[in-house]
Amino acid sequence: MASTSLRNLHHHHHHHCSSFKRLPPPPPPSSLFLKPPSTTTSSTNILSTTSSSSSTTFSLPSSTTSTTTTSSFDTLQHLLSTQNFRQADEETRRLLILLAGEQSQKRGYVFFSEVQYIPETDLKAIDELWRKYSNNKFGYSVQKNIWKKVNKDFTKLFLKLGWMKKLDTEIEQYNYRAFPDEFTWELNDETPEGHLPLTNALRGTRLFNSILSHRAFEGQEEEEAETGENGGLRDGTKPLGNKFLKPNYSF
Amino acid sequence: MASLVSSPFTLPASKADHLSSLSQKHFFLHSFLPKKTNSNPNSRPSLKVKCVVGNGLFTQTSPEVRRIVPENKNDLPTVKIVYVVLEAQYQSSLSSAVQSLNQNSSFASFEVVGYLVEELRDENTYKTFCNDLEDANIFIGSLIFVEELALKVKAAVEKERDRLDAVLVFPSMPEVMRLNKLGSFSMSQLGQSKSPFFQLFKRKKQGAGFADSMLKLVRTLPKVLKYLPSDKAQDARLYILSLQFWLGGSPDNLQNFLKMISGSYVPALKGTKVDYSDPVLFLDSGIWHPLAPCMYDDVKEYLNWYGTRRDVDEKLRGPDAPIIGLVLQRSHIVTGDESHYVAVIMELEARGAKVIPIFAGGLDFSGPVEKFLIDPVTKKPMVNSVVSLTGFALVGGPARQDHPRAVEALMKLDVPYIVALPLVFQTTEEWLNSTLGLHPIQVALQVALPELDGGMEPIVFAGRDPRTGKRRKSHALHKRVEQLCTRAIKWAELKRKSKTEKKLAITVFSFPPDKGNVGTAAYLNVFASIYSVLKDLQKDGYSVEGLPETAEALIEDVIHDKEAQFNSPNLNVAYKMSVREYQNLTPYAPALEENWGKPPGNLNSDGENLLVYGKQYGNVFIGVQPTFGYEGDPMRLLFSKSASPHHGFAAYYSFVEKIFKADAVLHFGTHGSLEFMPGKQVGMSDVCFPDSLIGNIPNVYYYAANNPSEATIAKRRSYANTISYLTPPAENAGLYKGLKQLSELISSYQSLKDSGRGQQIVNSIISTARQCNLDKDVKLPEEGEEISAKERDLVVGKVYSKIMEIESRLLPCGLHVIGEPPSAMEAVATLVNIAALDRPEDGVSSLPAILAESVGRNIEDVYRGSDKGILKDVELLRQITDASRGAISSFVKRTTNKKGQVVDVADKLTSILGFGINEPWIQHLSETKFYRADREKLRVLFEFLGECLKLVVADNELGSLKQALEGKYVEPGPGGDPIRNPKVLPTGKNIHALDPQAIPTTAALQSAKVVVDRLVERQKVDNGGKYPETIALVLWGTDNIKTYGESLAQVLWMIGVRPVADTLGRVNRVEPVSLEELGRPRIDVVVNCSGVFRDLFINQMNLLDRAVKMVAELDEPVEQNYVRKHALEQAKALGIEVREAATRVFSNASGSYSSNVNLAVENSTWNDEKQLQDMYLSRKSFAFDCDAPGAGMTEKRKVFEMALSTADATFQNLDSSEISLTDVSHYFDSDPTNLVQNLRKDGKKPSAYIADTTTANAQVRTLSETVRLDARTKLLNPKWYEGMMSSGYEGVREIEKRLTNTVGWSATSGQVDNWVYEEANSTFIQDENMLNRLMSTNPNSFRKLVQTFLEANGRGYWETSEENIDKLRQLYSEVEDKIEGIDR
C-alpha cells in the first residue's frame, strides 16, 4: 500500500518541528517528518496516474508533493493499536497537514484546495489503519459512505457521525459538539459509526468535503454493495464515480 | 441622579432562582412551534433551563475562562492586567501572549483576566470586575460603545485610576477614553483641551472620525510629538506605540506591548530593564487571502498572484468566474481569529467564485472599498457583489456612523451589498436557544445600522464557543455559510447574466384566501403594475412571451383555470408537484408535518399532488403565494402562539427555486406571508422558516413607502431588497350630498345671519345636520327651540368646524400603478399638507402660519378657536385653507405642461424664483385678504415645495427594480410619511427604518406632551374631572419610525419620565420627571407592542420596562403615582415583588404577530366576542422583562389581565393620512376596548380615544368620532369609492375591505353607529347601478361584501329592515351562482 516513493526523508526531521507548536509533542524519532520542497521531485507518478484516470480539474505542482516513508505511520499505527483514539485523532490531523504541503504546515491548517496534494496511497493508508483498528467503524471511507447516503448533506452527516448534539429546545435543532470533551474516544457499541477521525468544521465543511471527495476514496461503491449495508435510504441509481473532483455548484 | 436608571439589564439575585424553576419552564421557554409533547430521551432538562435563562441575560459566558493565574515558581513580581473588550478576537491572542510571557519571562509573572463588555451586565460579574481592579496594575479597554456598560466601566475604573499603574483605552466612548493615563500622559481633558493633540480627535466630528483620527495619530506621530512638552513626549510616544501594538493584535505584538507597559510603569519593575521589540506593523488596509504570501496594497498585484495559483482550476482563475468582494476586519486577521473568514473564502471558491477579500483597521471601510474594488481606470466595479463579514455599518463601526458617505461609496461601486454578521455578544448555543435570535444590541449595531447603508441579508454566519483557549475564536456555522455564499453568488450572477436568459418569478398575494383577493397589496393596483413592469422589461430585453393585450386579460389568465369548464373557482395551475418530488426538493418538509401531517395535505393540493398556482410567460412566472393556511384549521391555528407554513406554501418556493429556477423573485406589493413565517425575530438559523423558504433566491420586494417597519421585517427575515412605491396621491375628501348642503347653508347663514333670517337658516342647518347624523359629533339643540344669536353662532361654528374637518381630510384616491407617478395637479393636496407643517430644522415656516400672521393672528390660536367652534375662527381657517390651496395650485400650474405633467421643474423654478414680481403664489394671494403675507418666508417655503414636487413626480420605481435585477446597488432611503418627511421621496429606494437607538427624539417628546395633555384633558372632561388611572395603548413600529418615536414618548410622558441621550445621541436611559413639573399624577399604562415593534425596537421595550419599574419603585404617595398604586395591589394579590408586578410592556410571543382577531374577522370564523377576546389574551400577553432580557418574551397573562382591568381609557395613534382606522385591519386587531370592559370589576366600558397627528393641528378624538369621520370620508364618500372603482378588480376589494374592517370595530369596541351600515347599504346595495358594477367587476369580492352586510346584521351590529336583509340574501345566492358558473 505505501507509495514506492516514500523513502529518503529521515534526515530533515529537525527543520520542521518548530512549525508544529500547536500540535502535541513530536512523536518518537521514527515517526514521519517533512521533506523540503526543493528536494521533493519524485512522487508525481502516482498523481499523474490518478489524474489521467479521473477528470483532471487541477493541475498539480510536482514540487509540493510531500511524501512519507512506510514507517511514517508507525505512530498512528501504534496509537490506534493501543486504542488511544484521542491521540490517534491528533496524529491524523498532523499527518494531513504534513501531507498537504509546506503551505499548510506554515499556516497550521489545510486549505480545501490543498487536499489534492495528499498522495492517494498515504490517505488510503491512514484510512486503512483506522478501519483496521476499529473493526471498520472508523475512517474516512466509513464517513464517506454515510455522506453519500445522506446526499452529501453535511448537517445530516454530522448528526450520523455524532458530531453535533441535539439542543433541548422545542424546535429540533443541533449545535456542534465541543472538542474534545464532548466527543467519544472509546470504541464500543454506542460509538457512532464513522465518529473518528475528526475533521473540524471551524472553517466550514469544504476541507472535509475535499477529503471525502479525494481520489483515494473513489470507486468504493462496489465494495460497499458487497458489504450490503443495512437498509438506509441509499439512492443507488447512479454511481458517483469521478464526479468527486469537480466542485459542486448546485445547492 | 441617584434614581437615574443606568443599568438596564441588572438582575436581583432572587429572580434567577425564580426563573430557573422548572415548573415555570413553558412560560418562558416558548418557541415558535407548538410545543412538542414527547421530549427527547437524551435531553437533560436541568441543563436546559440553565443554558436558556441562567442569569436571565443574553450571554452566560464567564470571564473566568479568560483568567490566567501564573504559577510564579521563581517568585517574580506579579503584574496584574484587567481588560474589557467588545471584540472577542483579542482574547485568544492576549491569552497566548500572557502564557508565553509566563513561560519565558525572567522579570515578572503576569496575571490576567478579561471581560467581554456584555458580561458586565451581570451584577456578580460586575462585582468580580470591580474586585479584580482593586489589585490590578494595568487596565486595558477597547471599543466600549454601549453607553450603560461604558458608564459601568467608567465608574469602576475611575475609583482605581490614581492607584493603577497604567490605564489604556483604545477607541471607545469619550467618557471611557478620558480614563487613559500613562505616566504624565492623560486624556482626562479630552474634548475640552485646545491642545493640538486632542484637536486631532475632533477634526472629523461627523462620521467614524474618532477611530480614524486615532489611526491618523499613529501615522502622524512625529508631528504630534513636536507640540508636546518634552517630559510628556515620552509618555505620549508610549501611548501611541501601545496603540500600534494593540492594532497589530498578534500574540507577539501584545507580548511586547505588555512588556513595554509593565517595564515602564509598574513600580515593582522600576530599575529592571525590560526589553521589547518595536511593533510589527501590518497594512492599515489591503487585501488578504489565506494562501497568499503577503497582504496586498494593490488589487492588480493581488489578481496577478491569484492567476498563478496552482491549487485551483483554470475556471476559477480565469476571467469568467464570478467575483465576490469580501470586507473583513483587520483585527480578526492580525489576532488570528479568522476561521470564519477562511470558511467563507473556501465556500465561495469551492462554488467557483473568485474572491477579493479586503480589510481595514479603522472603522471607515468606504476608502478601501473604493480603492480596492473599483477599477481606477474604467471606474467599473472589480466585483459582481460584495459581502461585508464585519456586521458593521460601512463607515463608523460601533461608533459614529456616516451613512451618506457609505452610500456614496456604494453608489460608485454599484453592486449588490450584503452585510452578514458573526455572533458577538452571544455564544452559538445561546443564539440557537433564543427565540429572539440575535442579541438586541447587536441588532441595533449590526443589523439596523448597516441597513441605512443599503446593506442586505443579515445572515449570521459565525458563532462562538463559550470555553477557553483557541476555541474562543469565531467558528463558521456551516449551513449559514453555505446560505450566505450561495446567495452572494446568485446576486453576482444577476450582474453577469444577460437579460434574455434571466428568469424572474413575480409573486402576488392572496389574502384572505379568496379568489377576489388575488393580487392584494396596500395602495397598489397589482395587475396593472405587473403589466406595466412586464411591458417595460420586455422592451428592455427580457424574455417575456405571450403576454396578453391588457392587464385585465392578465388577471383572467392567472385567476382562472383554463382546463376547468366554466368560471372555475380555481386559479390557474402552473405546476403539479408529486409528493415524492416535493420531498426531494424540500429538505425541511418533515418539520411541517407536526402541524400539517403528511404531504400533500388539503391546501394547494388536489389530494395527490401539490399545486402551484400561476402562469408563465417566457422567462417570467407570475405565481400566487399560498396563504398562511389558517383556513385549514382556523381556530387551532389562530389561537396557537404560532404555526408553520403548510406543504403547499413550501412547495411554491421549492418550485420557484428548483424547478422554475428563478434568478430572482419579485414579491409584488405590501405584503405577503413569507417574512412572517415562524422563526427567530432577527438572525435566522437553519430551522427558521423564512430562511428555508426563500432558499437561495435573491428577493426583490416592492413595498409601500409608508410602511418601513414591515418592510424591515421583510428585509431581515426574508432577505428582501425592498423597493419603495408611492401611495396614491392624496386628495381632500370634499363634501357630498347632505354635507354639501350643510356647507351651502352655513355660507348663507354667514351672509344673512343679521338679516332676521338667521334663526330660520339655523333651523335648516340643525335638521340637515341631524340627517347627516352629525348629532353625535355636535350637540344640536332640539328642533324649534329658540336660541340666542350668540348660541346660534356657536352651533353653526361647531357644525362648520366638523364639516371642514371632513372636507379637508386627506384620502388616497384610487390605487397606485408602478411606473405611473402622479401628475403635478394630483400632487397639489400632498403639497398643501407638506406646506402645512412648520419645519424649523430647515428654516421653513408653514403656509398657514405665514397667512395667519399676515392678518395679525397666530395660527395655533386659530386652530384652537376653530376646534371650539368659534365661527369667525372656523371661517378664517377655511379662508387660510382655501388660500393655501389656491397659492399652491397656481404655483404647480406654472411648472406643468398642458397634459398636467411636470416639465422641467428645475428650469421653471429658476425662472419663477428669479423674478420676484411674477411669483405665482404672490399673484394669487394678492387677490385675497392675505396679500400682506411675508414674501421672503413664502419664497423659502415655495423653494422647498418645488424640491418636494420634483421628488413626488419623479419615477424611480421601475428604474430601481431594473437596477436590482441587473445586480446593481439600489440607493437606500427612509420609509415613512412623505408629508412629514419628504426625504422618503422619490420612491424606488431600498427602504429602511431608522437607528433604533435614536428614538424618541426631543421633537417627538414635545409632540408627545401635546397629545398626552390633550388626551388627559379630554378624559377628564368626559369623566367627571377625574384623571385616568390607567391608559391601555398600542405601539406600532411604522408609527414610531415615521414620528421618530412620538408614541413611545407618549408612554414615557404618561408615567412621567423623560429619555436621556448619551454623548453619541443614542437613547438608552430615562430619568423621572418630578411630580411638581409633571403637575398631575403619574398615569399607569398597559402597552401593547405590535409584533413588528417588538422586532424593531426591543431595546425600546427594554427602556419602557425599566421606566415602568423605576416609577413603580419611586417613593411617592400612591394617589400621585398610579403605576405604584396598581403595582403594589397586584404584587399583593399575586404574591410577587412590586418590581415584577410592574410589568406593563406586552406583545406577541417571539416570531408571532398580531392578535389574529383580524384574521378571524376577515374569515368570519368566530363565534362570539368572548372568543375574540380570548384570542387576544392568549396571543398578546407576552411580556418583555428588562431584568431577564435574554429570556425573550415571557407569557404573563395574569399580570396582563390585572393591568388591563384597571384601564379607564384605551388609546391609539393615527400617524399618516393614508392609513386610517378602517383602511387596515390591524388597528381593530389590537383594540382591547370591549376586552377591558369585561375585565374591569365594575364592568364599565373604558373611554376609547384616537389621536390624530396627521395634520398640523393634532387632535384627540373618541374612537366613535373617528370611526364616523372615517366612514364619512371614505366608505360613504363618492369621491373615494369612485376613485376605487376606477381601479377595477382591486378597487371592489378595497371597498369590501373597508366594510369588513368596520365590522371588526363593532366586534372589538362596539363603537360603530348603526347609520354607518345603513348608509353603506344604500350606497352599494340599494343603488342598482352601483350594485351591478361591483358584481361584474369582481364577483368574488362583491360576494364577500354582501356576506359582510349579512354578518353585521346577524351579529347584531346593524339593525335594519327585513326588506334590506331579504335583498342581501337574494343577492348572495345570485352572485354565488354567478361565480359557480350556473346560469339561471
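**A sheet and a helix pair in chain B**

Q: In this predicted model, which residue of β29(B) is the bridge partner of Leu1035(B)?
A: Start with the strands: β26 of chain B covers residues 1030-1035, and β29 of chain B covers residues 1084-1089. The two run parallel and are joined by six bridges. For Leu1035(B), the bridge partner over in β29(B) is Cys1089(B).

Q: Which strands of chain B are the edge strands of the open sheet of eight?
A: Read off the order, with its mixed pairing: β32-β31-β30-β29-β26-β33-β34-β35. An edge strand here pairs on one side only. That picks out β32 (1193-1195) and β35 (1259-1262) of chain B.

Q: How does α35(B) lie relative to α36(B), and what word describes it?
A: Helix α35 (residues 859-868) and helix α36 (residues 871-894), both of chain B, have axes 8 Å apart. They pack at an angle of about 125°. Angles from 65 to 115 degrees count as roughly perpendicular and those over 145 as roughly antiparallel, so this one falls in the remaining class. That makes α35(B), relative to α36(B), oblique.

Q: How many residues in the contact of α35(B) with α36(B) are nonpolar?
A: From α35(B), the residues that meet the other helix include Ile859(B), Val862(B) and Tyr863(B). On the α36(B) side, Leu876(B), Leu877(B) and Ile880(B) are among them. Two of the contact residues are polar and two are charged, while the nonpolar ones number seven.

How values were computed. Residues numbered from 1 in each chain as written. Chains lettered and ligands numbered in written order. Predicted model: local features only at pLDDT ≥ 70, side-chain atom pairs only at ≥ 80, totals over all residues. Heavy atoms only, no water. Pairing = 2+ DSSP bridges. Helix = DSSP H or I, 4+ residues; strand = E, 2+ residues; numbered from the N terminus. Axes fitted to C-alpha atoms, helices over the stretch in contact; angles between N-to-C directions. Parallel < 35°, antiparallel > 145°, perpendicular 65-115°, else oblique. Contact = heavy atoms within 4.5 Å. Nonpolar A, V, L, I, M, F, W, Y, C, P; charged D, E, K, R; others polar.
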